Amino acid sequence: MATEKELSEFLENVERRAFKQAVYAVRKDEAALDIVQDAMIKLAEKYGDKPASELPMLFQRILQNTIHDYFRREKVRGTWVTLFSGMGNDVEDADGFDLLETYEAEEGSQAAESSADKVERSQVLAVIEEEIQKLPARQREAFLMRYWQDMDVAETAAAMGCSEGSVKTHCSRATHALAQALRLRGITL
């Protein structure tokens, strides 16, 4: 059984990686924060009595399920919004919305640091993150669990609900696609 301290330390260590993973999946910072918070609460409430060794796999499964739940809710919301959007058009609301303001707010780029190496590294990381976002969902999920979360093949397979062979295939395809995309953009690692 995990102690309260072990659970707290686990959640503290996994928070940033889980946020990145959620951002890659939903592409909205606010939604990603909510997803990670919900997943952490679910783990603490329902599985806090499990051994500390089982927490990473349980958390990944909870996080993935929470992300899937988000997409289900968004699909339902989108259906209702579409159904009711044609019922009335408010010109005032349309004038108040500026797409560029929304886009600028979500970009969230950090100011350039003084060191040229740090700037170059941050640019390379941005390109890598951009290319990771372009991966198909299952490849991205497997790649992030294996190489970002440092989960082994068996843990990743259990968290994704697929076979170990599928995880290896998804990871292999993801790494080859990323390597090719980065090469085309002039980046060699």
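Of the 189 residues of the chain, 30% count as buried. The model is a predicted one, and its secondary structure consists of nine helices and zero strands, so that the order along the sequence reads α-α-α-α-α-α-α-α-α. When contacts between residues at least 6 apart in sequence are taken together, 68% of them join residues at least 24 apart.

### Confidence

The mean pLDDT of the chain is 81, with 79% of the residues reaching 70 or more. Confidence is highest in helix α2 and lowest in helix α5, as the table sets out.

| Helix | Residues | Mean pLDDT |
|---|---|---|
| α2 | 29-47 | 93 |
| α5 | 99-107 | 43 |

The stretch over which pLDDT stays under 50 covers residues 99-114, and for these residues the model has five contacts beyond four places in sequence.

### Helix α7

The buried residues of α7 are Gln139, Arg140, Glu141, Ala142, Phe143, Leu144 and Met145. Just after the helix, Asp150 takes a positive phi of about 60 degrees.

Gln139, which is found in helix α7, has a relative accessibility of 13% and therefore counts as buried, the cut-off being under 20%. Leaving aside residues up to four places away in sequence, Gln139 touches His170, Arg173 and Ala174.

### The second largest pocket

Helix α7 also takes part in the second largest pocket, to whose lining it gives the most, with five residues. This pocket has a volume of about 200 Å³, and the elements that give two or more residues to its lining are α1 (4-26), α3 (55-85) and α7. The lining is formed by Gln21, Ala25, Gln64, Ile67, His68, Phe71, Ala137, Arg138, Arg140, Glu141 and Leu144, and these residues divide into five nonpolar, three polar and three charged.

Arg140, Glu141 and Leu144 are listed among the lining residues of the second largest pocket, and they are also among the buried residues of α7. Gln139, by contrast, is buried but is not in the list of residues that line this pocket; its contacts beyond four places in sequence are with His170, Arg173 and Ala174.

How values were computed
Residues are numbered from 1 along each chain as its sequence is written. This is a predicted model: local features need pLDDT of at least 70, side-chain atom pairs count only at pLDDT 80 or more; totals for chains, interfaces and linings use all residues. Side-chain values use heavy atoms; hydrogens and water are left out. pLDDT is the predictor's confidence in each residue, from 0 to 100. Helices (H or I, at least four residues) and strands (E, at least two) are DSSP runs, numbered from the N terminus. Contact means heavy atoms within 4.5 Å. Buried means under 20% relative accessible area, exposed over 50%, partly exposed in between (1.4 Å probe, protein chains only). On a 1 Å grid over the protein atoms alone, a cavity is a set of points where a 1.4 Å probe fits but cannot get out, and a pocket is an open set with protein on both sides within 12 Å along at least five of seven lines; lining residues have an atom within 4 Å of a point. Grid points are joined across faces, edges and corners, and a volume is the space filled by probe spheres set on the points. Ala, Val, Leu, Ile, Met, Phe, Trp, Tyr, Cys and Pro count as nonpolar, Asp, Glu, Lys and Arg as charged, and the others, Gly among them, as polar.
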